[in-house]
Amino acid sequence: MSAFINLISQHRAARIGSACVVPRTQRTTSCVCRAINPKSNDHEEVNVRSSLERAAVGIATAAAVVMGIFSPLVLEPPAAQAILVASDPVKNAQAILRNALPIYNKPIRQVQKELESISEALRIPGSKSLGPVSRAVRASQDVLSRQKDAIIKDFAPEKKEFGLENIEKLQAALNEFQATVEAKDKQAVPIKQREALTYVGNIEEAMVKGFPFQVPPEYADRPLLLGRATLEMKVKCRETPEGPQTFVQTVVLDGYNAPVSAGQFLDLVLRKFYDGMEIQRADGFVVQFGDPEGPGDGFVDPKTGDIRRVPFEVKVIGDKEPIYDFTLEDLGRVNEQPVLPFNAYGTLAWARNEFENNSASSQVFFLLKESELTPTGSNLLDGRFAVFGYIIQGQDVLSDFKVGDKIEYIKVIDGAANLKNGSSS
């Protein structure tokens, strides 16, 4: 099988990437890796000659795994081509979700930026970090004070009360935050930061007016998430370093940027499709589940008797609506960044078959992001798999999941009313 690999390896010091391309018609034998059958746990060793090849093979293997193929992948890195990679990409799931909201209010985005910069400041050892933290808090207070009217003006009429409530909470939180900094309580800074950013996110949510685009007619009758939904996922792990444990995670689905993908997953959650299902892949790169018992590879729609498929869907930064049916590779847009990238540990996306963009149905995976194999802002997964959500709490325990661990349930905490054409509609 010939393969096409377009890969950017991020240079840590200069943040410059190397592009590596193998045309579809070219076959070489310098380095071979075999993808893993989705129902098998056997791994074959990969022989690589350099760190670049090792990263390339790792990414390509993982891509093959989540697509559910079992076939040889042939790869030879040609001469590198230098391209620019965006500096300091956002890796925090909640920050990604804030940035993905369809709003354009500069004052609140400035407050968000100041508060998020605190994470970088906290890397400074000792009390020296408190100076930058204090400046960020004061800058946030200044923007909120001087441009409060500009923020309020952008609230959606039906969400204005919610927005005003969160402005008051944010002001109080910033006052408490400043007092915490003055008391030199560095341990409490991340807690106060998260609290303030929660209110910022709520204020930004209150600015979203309606739905930002129209879903194509051919998919408009599918379950659609016209907004966001928050889920709770409970998994019983049989074996961890601390013995058997049960973990609860919080997942946010983003229908603003992936309404079809998020909607069809939420519909399956409401049908309790995943309740009692086992983890079916946990290889250190992805945690995958959703393959039902029997010969079928997806959810059988009781109305039609056929497996329901999910069309490929990805929204690119700067585009007004998502792209459907075609990957960014298909369209020659591999260097453009999705609004929902594979930047965060616990990114949720659809698994699909190789060469069949619209073959997803019920199998999904969480990415256990590794910076070397999936360089933030430049990897083989962005634009090739449909991301529709993130774990925002409890993502660290994904590394404890093993094949056979049981999903006790996935349930909706908030946002079920945003689902259109679902099983309960």
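Buried means under 20% relative accessible area, exposed over 50% and partly exposed in between, with a 1.4 Å probe and protein chains only. This is a predicted model, in which local features need pLDDT of at least 70 and side-chain atom pairs count only at pLDDT 80 or more, while totals for chains, interfaces and linings use all residues. Residues are numbered from 1 along each chain as its sequence is written, and side-chain values use heavy atoms, with hydrogens and water left out.

**View 1. The whole protein.**
The secondary structure comes to nine helices and 17 strands. Helices (H or I, at least four residues) and strands (E, at least two) are DSSP runs, numbered from the N terminus. Of the 425 residues of the protein, 52% count as buried. Among contacts with a separation of 6 or more, 74% are between residues 24 or more positions apart; contact means heavy atoms within 4.5 Å.

**View 2. Asn343 in its loop.**
Asn343 lies in the loop between strand E12 (323-324) and strand E13 (347-350). Asn343 counts as buried because its relative accessibility is 7%. Its side chain reaches the backbone oxygen of Val90 at 3.0 Å. Such a polar contact is a pair of N or O atoms within 3.5 Å; within protein, one must be able to donate a hydrogen and the other to accept it, and residues adjacent in sequence count only if both atoms are side-chain atoms.

**View 3. The open sheet.**
Eight strands form an open sheet with antiparallel pairing, in the order E9-E10-E14-E13-E15-E8-E7-E16. Its edge strands, E9 (281-282) and E16 (406-414), each pair on one side only. Two strands pair if DSSP finds at least two bridges between them.

**View 4. Strands E13 and E14 with their partners.**
E13 and E14 pair in the antiparallel sense over four bridges, and Thr347 has Leu367 as its bridge partner in E14. Three bridges join E13 to strand E15 (residues 387-393), again antiparallel; in E15, the bridge partner of Thr347 is Tyr390. Strand E10 (residues 286-289) pairs with E14 in the antiparallel sense over four bridges, and Phe289 has Val364 as its bridge partner in E14. Both faces of E13 are covered, with Thr347 and Ala349 buried on one side and Leu348 and Trp350 buried on the other. From strand E14 (residues 364-367), Val364 and Phe366 point one way and Phe365 and Leu367 the other way, and all are buried.

**View 5. Nonpolar cores.**
The largest nonpolar core has 63 residues, of which Leu253, Phe265, Tyr274 and Trp350 touch the most other members. A nonpolar core is a set of buried Ala, Val, Leu, Ile, Met, Phe, Trp, Tyr and Cys residues joined through side-chain atoms within 4.5 Å. Not counting residues up to four places away in sequence, Phe265 touches Leu231, Leu253, Tyr274, Leu348, Trp350, Val364, Phe388 and Ile410. A second, separate core of 32 residues includes Phe177, Ala196, Val200 and Met207.

**View 6. Helix H3.**
The buried residues in helix H3 (106-116) include Pro107, Ile108, Val111, Gln112, Glu114 and Leu115. These residues are on the same side of H3 because they cover an arc of only 165° around the axis; the arc is that of the directions from the helix axis to the C-beta atoms. On the other side of H3, Lys106 and Lys113 are exposed. At the start of H3, a side-chain oxygen of Asn105 reaches to within 3.0 Å of the backbone nitrogen of Ile108. The cover over the buried residues of H3 includes helix H2 (93-99), H4, H5, H6, H7 and H8.

Buried residues in H5 include Leu130, Val133, Ala136 and Val137. Among the elements that cover them are helix H4 (118-121), helix H6 (148-153), helix H7 (160-182) and helix H8 (189-205). The buried residues of H7 include Gly163, Asn166, Ile167 and Phe177, and their cover includes H3, H4, H5, H6 and H8. After H7 comes Lys184, whose phi is positive, near 60°.
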